[in-house]
Amino acid sequence: MSEIPPAPPPPEARPLGGEPPVGRYFLFTVDGVEIGVFSEVEGLSVSIEPFPVTEGGQNGFVHQLPSRLKWPNITFKRGLTHADNLFAWMYKVSGEGYAGSGNKLKRCTGAISVISSTGDLLRSWNLRDVFPVEWKGPSFNATATEPVYESLVITHHGFKPDNHVAKAK
């Protein structure tokens, strides 16, 4: 007697409805303005701090309750580009740009979008209250053979996934 193979999982249980997608580029925008297309993004995560509660007379365990959410900084890395939007945004929220706005920080809305090698927009995350905290230029070494990268670190107050599928081209 032959066994019947298991039924495939329903579409909503499969990775985005099929094979796991491969992201080729990561587009970062701020208030709808393209800041850059990056080859690497790190730090898109959230964690919940547990709050321990010790109950008198209960020696077997300590209760753990959910506390605040922690949203780490996000780091973007890419090869050098000619785009000036990154620096325009940085100058707007720091130095003379910050002083010119009465020393009030205007937090922006950001978005990270995963783009496939065919230009399909696979998924996005909308970030609240974004501003840059660090930019790092390339290390210069004439004998190095690895690509020249710059990196950007941003901070934010959380994100929400946006599961739209559209063309990014």
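**Group meeting talk: a walk through a predicted model**

Hi everyone. Of the 169 residues of this protein, 25% count as buried, where buried means under 20% relative accessible area, exposed means over 50%, and partly exposed is in between, using a 1.4 Å probe and protein chains only. Please keep in mind that this is a predicted model, in which local features need pLDDT of at least 70 and side-chain atom pairs count only at pLDDT 80 or more, while totals for chains, interfaces and linings use all residues. Residues are numbered from 1 along each chain as its sequence is written, and side-chain values use heavy atoms, with hydrogens and water left out.

Let's begin with the overall picture. The secondary structure comes to two helices and eleven strands; helices (H or I, at least four residues) and strands (E, at least two) are DSSP runs, numbered from the N terminus. Reading from the N terminus on, the order is β-β-β-β-β-β-α-α-β-β-β-β-β. The protein exposes about 11700 Å², and carbon and sulfur atoms supply 56% of that; these areas come from the Shrake-Rupley method with a 1.4 Å probe, and for residues only the protein chains shown count as cover. Contacts here mean heavy atoms within 4.5 Å. Among contacts between residues at least 6 apart in sequence, 64% join residues at least 24 apart.

Now to the hairpin. Strand β1, residues 25–30, and strand β2, residues 33–38, pair in the antiparallel sense over five bridges; two strands pair if DSSP finds at least two bridges between them. Within this pairing, F26 stands opposite F38 in β2. The hairpin has two residues between its strands. One to look at is D31, in the loop between β1 and β2, which has a positive phi of about 50 degrees although it is not a glycine. D31 counts as partly exposed because its relative accessibility is 40%.

There is another aspartate to mention, D129, in strand β8. Its phi is near 55 degrees, a positive value in a residue other than glycine. D129 is partly exposed, with a relative accessible area of 27%.

On to the aromatics. How many aromatic pairs does the structure hold? There are six, with rings of Phe, Tyr and Trp (its six-membered ring) pairing if their centres lie within 6.5 Å; planes under 30 degrees apart count as stacked, over 60 as edge-to-face and the rest as tilted. F87 and W135 form an edge-to-face pair, at 5.0 Å centre to centre and with 65 degrees between the planes. This pair links distant parts of the chain: F87 is in helix α1 (residues 85–92), W135 is in strand β8 (residues 120–136), and they are 48 residues apart. F87 counts as partly exposed at 26% relative accessibility, and W135 also counts as partly exposed, at 30%. Elsewhere in the aromatic list, F28, F38, F76 and W89 form one cluster.

Not counting residues up to four places away in sequence, S151 touches T75, F76, K77, E134, W135 and K136. Is S151 buried or exposed? S151 counts as buried, because its relative accessibility is 14%.

Last stop: L65, in strand β5 (residues 63–70). Leaving aside neighbours within four places in sequence, L65 is in contact with E49, P50, F51 and V53. The C-alpha atoms of L65 and V53 are separated by 7.4 Å, with the two residues twelve apart along the chain. L65 counts as partly exposed, at 43% relative accessibility.
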